[in-house]
Amino acid sequence: MLPLLSFCTAEQPWLLDTIEALARLESPTTEKTAVDRCGAELAARLRAIGAAVTLLPRERAGDLVRAEITPQAPSAAPILILGHFDTVWPVGQLARMPCEVHDGRLSGPGVFDMKAGIALAMLAVRALQMLVPDRRRPIVMLWTTDEEVGSASSREVLEDEARQSAAVLVLEPSLPGGAVKTARKGCGHFEVAVTGVAAHAGLEPLRGASAVAELAHQILRINAFQDLERGVHVNVVRANGGLQSNVIPEHAHALVDVRVPTSQAWGELAASFAELKPIDFRTSLDCRGVLNRPPLERTPAVVELFETARAVAGDLGLTLGEGETGGGSDGNFTAALGVPTLDGLGAVGAGAHALDEHVLVDALAPRAALIAGLLARLDALALQRQD
Ligand SMILES: [Zn+2]
């Protein structure tokens, strides 16, 4: 393991150069041209390290970048490395968040979430090629372009890749201090539509049944569905209704953001929404729920993968913790398929989606060595799935 660490430490300048090059090509999810520009640079750099690169064209989002590193005689299922190079920042954000190293921190738009993660995976692969040339498993890297808005145009591709893989390593940012993510909540939402009876507010107020008043009652009931102890988050994030003064409102809507720790919790919540009844019998309710990302549950397969990573970290003289997060990632999709998934293997830092976004420079090389060591260990292990 230690030669991997020495290699990665010596290659720190390469690592910084790669992160900065990717961060300087700003790539907000919604601007395909900008995302594709970053993707072209990424593809060129992946080819330069010996990967077979394919661009998977997308109409609305940026083209996905798939890179494969195949050993001479592959004899086991691939490991999938997953991440995204779209960011939440608009083009021009660099002026406010320059890409620079200061006080041991590399800052810049999208460095933590998650362009540093991409560079870490690339350095890990370089280390393997140099130091562990005899391998059994192909390594497939899939870098997507719409993770920040729910992965509509990449979900199918990444799920297909995951199904063919023995395990999935997600290079999303780590938890504070470098812990990986062995559980992520599922994210979804409910839309609540209330239909009332319109009437003139001055002439015939009793004929009207206000959809807005009814929604107000229902919002209080919905708030009560929140159960923080069980990790169920329920928040009404938008409510609107009515037309103008003089008219008792016929329509009102609410959008409810929901986070659940398990699929079972989602089912229970859906049942609670289905049981909502109007207080004013002249109004009616319609509730529709969508689970955008299923929960990443801490299954035995996830724990086994984490324990493998922790053992590798130990061999490198590092400690590796684990934790849970409320935010979702593409790891939620792969874990829900039953493919062992370890998330949060990316950079150590802070400030995802915030102006102080940065990664810790000293933690980069050890992290790359950890990823390389984990890939080597997984290459040697017979993993139940696919092998
Ligand atoms: Zn991310």
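Guide: Let's start where helix H1 (residues 2-10) packs on H4: the angle is about 125°, and the axes are 10 Å apart. Keep in mind that this is a predicted model. What do we call an angle like that? Roughly perpendicular stops at 115 degrees and roughly antiparallel begins over 145, and H1 and H4 are therefore oblique to each other. Their crossing is right-handed.

Which residues do the touching here? From H1 come Pro3, Leu4, Phe7 and Cys8, and they meet Leu123, Ala127, Met130 and Leu131 in H4. Sort that contact by class and you get eight nonpolar residues, with no polar and no charged ones.

Now stay on H4, which also has helix H2 (residues 12-24) against it. H4 covers residues 111-131, and the axes of H2 and H4 come within 9 Å, crossing at roughly 135°. H2 and H4 are therefore oblique to each other as well, and this crossing too is right-handed. On the H2 side the contact is made by Trp14, Leu15, Thr18, Ile19, Leu22 and Ala23; on the H4 side, by Val111, Lys115, Ala116, Ile118, Ala119, Met122 and Leu123. The class count for this contact is 11 nonpolar, one polar and one charged.

The axes of helix H8 (residues 300-315) and helix H10 (residues 364-380) come within 9 Å and cross at roughly 120°. That makes H8 oblique to H10, and the crossing is right-handed. Thr308, Ala309, Val312, Ala313 and Asp315 of H8 make the contact with Leu370, Gly373, Leu374, Arg377 and Leu378 of H10. By class, that is six nonpolar, two polar and two charged residues.

A quick stop at a loop: Asp103 is found between strand S4 (100-102) and strand S5 (105-107). What sets its backbone apart? Its phi is near 55°, a positive value in a residue that isn't glycine.

Now step back to the whole chain. The chain is divided into domain 1, made of 2-183 and 297-380, and domain 2, covering 186-293. Taken over C-alpha atoms, the centres of the two domains are separated by 39 Å. How many residues link them by contact? Six residues of domain 1 are in contact with seven of domain 2. The side of domain 1 that touches domain 2 has one nonpolar, four polar and one charged residue.

Last comes a sheet. Strands of a sheet pair through backbone hydrogen bonds, either parallel or antiparallel. Here four strands form an open sheet with antiparallel pairing, in the order S11-S13-S9-S14. Which strands sit at the edges? Strand S11 (233-241) and strand S14 (284-293), each of which pairs on one side only. From one strand to the next, the twist averages 15°.

Follow S9 and you can trace its partners. S9 and S13 run antiparallel and are joined by 10 bridges; Ala193, for instance, has His253 in S13 as its bridge partner. With S14, strand S9 (residues 186-195) also pairs in the antiparallel sense, over nine bridges. Glu191 stands opposite Arg288 in S14, and Cys187 has Arg293 of S14 as its bridge partner.

Helices pack on this sheet too. Helix H6 (residues 211-223) touches S9, S11, strand S13 (251-260) and S14, and its direction makes about 175° with that of S11. Helix H7 (residues 263-274) lies across S9, S13 and S14, running at about 165° to S14.

Terms used: Residues are numbered from 1 along each chain as its sequence is written. This is a predicted model: local features need pLDDT of at least 70, side-chain atom pairs count only at pLDDT 80 or more; totals for chains, interfaces and linings use all residues. Domain bounds come from an automatic or database domain assignment. Two residues are in contact if their C-beta atoms, placed from the backbone, lie within 7 Å. Ala, Val, Leu, Ile, Met, Phe, Trp, Tyr, Cys and Pro count as nonpolar, Asp, Glu, Lys and Arg as charged, and the others, Gly among them, as polar. Axes are lines fitted to C-alpha atoms, for helices over the stretch in contact, and angles run from 0 to 180 degrees between N-to-C directions. Helices (H or I, at least four residues) and strands (E, at least two) are DSSP runs, numbered from the N terminus. Angles under 35 degrees count as roughly parallel, over 145 as roughly antiparallel, 65 to 115 as roughly perpendicular and the rest as oblique. A crossing is left-handed if the near helix is turned anticlockwise from the far one by less than a right angle, and right-handed if clockwise. Two strands pair if DSSP finds at least two bridges between them.
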